[in-house]
Amino acid sequence: MTSIETESATDSELDAVFGPIFERIAQGAVEREVDRRLPFDEVGRLRAAKFGALRVPVEFGGYGVTVRQLFRQLIELAAAESNLPQALRVHFSFVEDQLLAEPGPSREQWLRTATSTLVGNAITEPGVGAVDRYRTRLTKDGDRWLLNGVKYYSTGSLYADYILVAADRDGERVGVLVDASAAGVRQHDDWDGFGQRLTASGTTEFTDVVVAEERILGPGYGAPGPTYATSYLQLVQLSVLAGIAQRAERDAREWVAGRTRSYSHSAADLPREDPLVQQVIGRLSAAAFAAKSSVLAVADILDEVLASGAKDEKSLVAAELAAAQAQIAVIDLVLPATTLLFEVGGASVVSERQRLDRHWRNARTISVHNPAIQKARAIGDHLLNGADLPFAWSAGERKPAAGAAQ
């Protein structure tokens, strides 16, 4: 497609490129779920089509699309395979970091690299202490740096060419980019959640991994102050929920369309003609529409924030608030919808062959990554009392406040 090679891609051009890939990915979704087969081949197709370069400018070999266009494609990918947008989310934030960086050889190098490679993450740590400081350490050893530590929830890193690692360097949080195949890197597919089972969110170990100076990227996740990154990363999770709702509605509609068995006390001979079944499909459709609309509304805000350099604190707060509000709304839309879909059929709708339960399991799992109850409270405190929104946070054992009961 010549136009994509010379100017930013349109939605119709993107659909022409990625639509067939998404369709092929969707065809194997149930089988992968049953077999717990990680979608390496499917990620390979996305990499070959330069899906990771959606936001990379055309002059560096990418598609040069807007944030809204990116999230539109992420929703469609999630509808095909909900695990994949989550697995790729740090890659897209890495690209955004490069877009915001000062022009120069390093920025250009990584933007060009992002057209054919993918970046995973290793941020969260097991055990306690992560609230205060990362245990993963970057230490000087002569004229080189060595990385040592253990991470879990390393989402997407098994599919990645590079891993962005959050580490401590003499009390400073830094981001470190290492080759996924580097000596001393060991990755494990040990994520045991009942949903989103194919995100490759396992443990990663780093043992004396040599890190070049140019791979130390400065302040890492958790650096103080407002940032675009938390709303952006949250929005990827919401695009997953929107895609799940979209697929749940399609699956329910296809189930009803092909069904001839009905109940003796139904209002119609065929399920698709039953007003109650029609009502369920209508509600599923409305939930999918509203979830997608919420995601794209926040994407529009992020488009403006990122286009202006993501430095205006007021704009960053507005984006964070919008993403937080959308999180609560989308969860409340999608979780009930993934339960409601079972009302369209009898006992056969719960057949293992259909695996329709995966929609609820995946939605429930993605919803707890950033607890909605904590986010709702933060919204209320912000609106009522002007409290700061929690842009970056960690999970771990908190030290008791001075004077608190032990």
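This is a predicted model: local features need pLDDT of at least 70, side-chain atom pairs count only at pLDDT 80 or more; totals for chains, interfaces and linings use all residues.
Two helix pairs are considered in turn. Two packed helices are described by the angle between their axes and the distance between the axes. Helix α8, which covers residues 229–257, packs with helix α9, covering residues 275–307, at an angle of about 155 degrees, and their axes are 9 Å apart. Because of that angle, α8 is roughly antiparallel to α9, and the crossing in which α8 passes α9 is left-handed. The contact of α8 with α9 is made up of 18 nonpolar, four polar and three charged residues.

Helix α9 also packs with helix α10, their axes coming within 9 Å and crossing at roughly 165 degrees. Angles over 145 degrees count as roughly antiparallel, and α9 and α10 are therefore roughly antiparallel to each other. The crossing of α9 and α10 is left-handed. On the side of α9, the residues that make the contact include V280, L284, A287, A291, V298 and V305, while those of α10 include L316, A319, A323, V330, L333 and L340. By class, the contact of α9 with α10 comprises 19 nonpolar, two polar and one charged residues. A310 counts as buried, because its relative accessibility is 15% and the limit for burial is under 20%.

In soluble globular proteins, nonpolar side chains tend to be buried together. The largest nonpolar core in the model has 61 residues, of which F18, L46, F51, L54 and F71 touch the most other members. Among the elements that give two or more residues to this core are α2 (11–27), α4 (40–48), α5 (67–80), α6 (83–100) and α11 (357–367), together with α8, α9 and α10 (313–340). The most is given by α8, which supplies ten residues. With residues up to four places away in sequence not counted, F51 touches F18, F22, L46, Q73, L74, L77, L88 and F92.

When residues up to four places away in sequence are left out, A80 touches F22, I25, A26, A29 and R247. A80 and A212 are 132 residues apart along the chain, and their C-alpha atoms are separated by 38 Å.

Two residues in strands complete the description. L177 lies in strand β5, which spans residues 172–179, and L177 is buried, with a relative accessible area of 1%. Not counting residues up to four places away in sequence, L177 touches F94, W110, V119, Y162, I163, L164, R215 and L217. From L177 to G193 the separation is 16 residues in sequence and 27 Å in space, C-alpha to C-alpha. D208, in strand β7 (residues 204–211), has a positive phi of about 50 degrees although D208 is not a glycine. With a relative accessible area of 45%, D208 is partly exposed.

Terms used:
Residues are numbered from 1 along each chain as its sequence is written. Side-chain values use heavy atoms; hydrogens and water are left out. Axes are lines fitted to C-alpha atoms, for helices over the stretch in contact, and angles run from 0 to 180 degrees between N-to-C directions. Helices (H or I, at least four residues) and strands (E, at least two) are DSSP runs, numbered from the N terminus. Angles under 35 degrees count as roughly parallel, over 145 as roughly antiparallel, 65 to 115 as roughly perpendicular and the rest as oblique. A crossing is left-handed if the near helix is turned anticlockwise from the far one by less than a right angle, and right-handed if clockwise. Ala, Val, Leu, Ile, Met, Phe, Trp, Tyr, Cys and Pro count as nonpolar, Asp, Glu, Lys and Arg as charged, and the others, Gly among them, as polar. A nonpolar core is a set of buried Ala, Val, Leu, Ile, Met, Phe, Trp, Tyr and Cys residues joined through side-chain atoms within 4.5 Å. Buried means under 20% relative accessible area, exposed over 50%, partly exposed in between (1.4 Å probe, protein chains only). Contact means heavy atoms within 4.5 Å.
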